[in-house]
Amino acid sequence: MSRILVVDDDDTIRDTLYDLLCEDYVCQTAETAEKAFARLEADVYDVVLTDISMPGLSGLELLGHIRQRFSETPVIIISGTGDREHAQGLIKLGASDFVLKPFTLEVVEKSVKRAVEYRKRLQEGSAAEESQGEKTQVEANDSKIVKKDSV
């Protein structure tokens, strides 16, 4: 089951998102970016859903940290600022999606589902590359054995 980390300093929003997503995903929450960092170091998450404006470090700083350390983890940004340039800027910085407050639960569900599917495709691609790499290594080892035996 996919793992989701919900990061928001607003108890009501954080709890609502947790309740929305916990039936279909393994969910954990954090009320600050700092606590989210600790959770990210301890567990692997398939998607991070974070508010952009929080006390202490912002969701934008959290996004930067995730892009550096966990580059395959999609990050969905929730923001109360909703102009097109702001959203496009967040996407350019590496956010996988942008959800404007106030949001509908349906919009969040669809965004998370897309991000989870994206993460699965990345993992399947990585597994296929690893498998191909192992096959190439086996073939390389086999050819070495053949060369040694034929000498």
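This is a predicted model: local features need pLDDT of at least 70, side-chain atom pairs count only at pLDDT 80 or more; totals for chains, interfaces and linings use all residues.
Trainee: In what order do the elements run from the N terminus on?

Mentor: Helices (H or I, at least four residues) and strands (E, at least two) are DSSP runs, numbered from the N terminus. The protein has five helices and five strands. From the N terminus on, the order is β-α-β-α-β-α-β-α-β-α.

Trainee: What share of the 151 residues counts as buried?

Mentor: Buried means under 20% relative accessible area, exposed means over 50%, and partly exposed is in between (1.4 Å probe, protein chains only). With that rule, the buried share of the 151 residues is 35%.

Trainee: And what percentage of the contacts with a separation of 6 or more comes from residues 24 or more positions apart?

Mentor: A contact means heavy atoms within 4.5 Å. Take the contacts in the protein with a separation of 6 or more; residues 24 or more positions apart account for 58%.

Trainee: Let's zoom in on A115. Is A115 buried or exposed?

Mentor: A115 lies in helix α5, which covers residues 105-150. Leaving aside neighbours within four places in sequence, A115 is in contact with V47, P74, I76 and S96. Its relative accessibility is 6%, so A115 counts as buried.

Trainee: How many salt bridges are there?

Mentor: The rule asks for a side-chain nitrogen of Lys or Arg within 4 Å of a carboxyl oxygen of Asp or Glu. By this rule, the count is eight.

Trainee: What about R119: which residue forms a salt bridge with R119?

Mentor: R119 lies in helix α5 and, at 8% relative accessibility, counts as buried. Leaving aside neighbours within four places in sequence, R119 is in contact with V44, Y45, D46, E72, T73 and P74. In the salt bridge the closest N and O atoms are 3.5 Å apart, and the partner is D46.

Trainee: How many residues apart in sequence are the parts that D46 and R119 tie together?

Mentor: D46 is buried, and so is R119. Their C-alpha atoms are 6.3 Å apart in space. D46 lies in the loop between α2 and β3 while R119 is in helix α5, so the pair ties together parts whose separation in sequence is 73 residues.

Trainee: Where do K110 and E106 both lie?

Mentor: The side chains of K110 and E106 meet in a salt bridge at 3.1 Å, N to O. K110 is partly exposed at 47% relative accessibility, and E106 is partly exposed at 48%. The two are four residues apart, about one turn of the helix, and that helix is α5.

Trainee: Which residues gather in the patch of negative charge on the surface?

Mentor: Lys and Arg count as positive and Asp and Glu as negative, while His and the chain ends are not counted. Patches are made of residues with over 30% relative accessible area and no salt bridge; like charges are joined within 9 Å, nonpolar side chains (Val, Leu, Ile, Met, Phe, Trp, Tyr) within 5 Å. The place of a charge is taken as NZ of Lys, CZ of Arg, CG of Asp or CD of Glu. The patch gathers D9, D10, D15, D19, E23, D24 and E109.

Trainee: How does D9 count, at 32% relative accessibility?

Mentor: D9 is placed in the loop between β1 and α1. Leaving aside neighbours within four places in sequence, D9 is in contact with R14, E31, D51, S53, M54 and P55. Because its relative accessibility is 32%, D9 counts as partly exposed.

Trainee: Last one: is the peptide bond from K101 to P102 cis or trans?

Mentor: P102 has its place in the loop between β5 (97-100) and α5. Omega is near -10° for the bond from K101 to P102, and that bond is cis.

How values were computed
Residues are numbered from 1 along each chain as its sequence is written. Side-chain values use heavy atoms; hydrogens and water are left out. Accessible areas come from the Shrake-Rupley method with a 1.4 Å probe; for residues, only the protein chains shown count as cover.
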